[in-house]
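Hello,

Here is the structure you will be taking over. Please look through it first; my notes on what was found follow below.

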Amino acid sequence: MLSAATKRKLRHVVLAGTVVSFPLLYMGPVTLEEPVVTAAGLVVGVVTAVLAWLAF
């Protein structure tokens, strides 16, 4: 499937995606009450989950 070097790089991307998705998922519905920000957080979370599945 993926080489070890690619998996190492993807793990960093997964970490960054997780760090980005949490504030978006909090700020969207709670602070801003903005559905677009919430949807962006969900999209980032789904992409991060798929990349995590590939990386690990």
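The model is a predicted one. I begin at the surface, where Tyr26, Met27, Val30 and Leu32 make up a nonpolar patch. Together these four residues have about 390 Å² of accessible area.

One of them, Leu32, belongs to helix H1.

Helix H1 itself covers residues 4–32. It consists of 29 residues, and the distance from its first C-alpha to its last is 40 Å. That is close to the 42 Å expected at 1.5 Å a residue. After the helix comes Glu33, which has a positive phi, near 55°.

Which residues of H1 are buried? They are Leu10, Val14, Gly17, Ser21 and Gly28. An α-helix has 3.6 residues a turn, so residues three or four places apart point the same way. Helix H2, residues 35–55, is among the elements that cover the buried residues of H1.

Ser21 is worth a separate look. This residue sits in H1 and has a relative accessibility of 6%, so it counts as buried, the cut-off being under 20%. Leaving aside residues up to four places away in sequence, Ser21 touches Gly41, Val44 and Gly45.

Regards

Technical notes
Residues numbered from 1 in each chain as written. Predicted model: local features only at pLDDT ≥ 70, side-chain atom pairs only at ≥ 80, totals over all residues. Heavy atoms only, no water. Helix = DSSP H or I, 4+ residues; strand = E, 2+ residues; numbered from the N terminus. Buried < 20%, exposed > 50% of the residue type's maximum accessible area, 1.4 Å probe, protein only. Contact = heavy atoms within 4.5 Å. Expected span 1.5 Å × (residues − 1). Patch = residues over 30% accessible without salt bridge, like charges linked within 9 Å, V, L, I, M, F, W, Y side chains within 5 Å. Areas by Shrake-Rupley, 256 points an atom, 1.4 Å probe, with all protein chains shown as cover. Salt bridge = Lys/Arg side-chain N within 4 Å of Asp/Glu carboxyl O.
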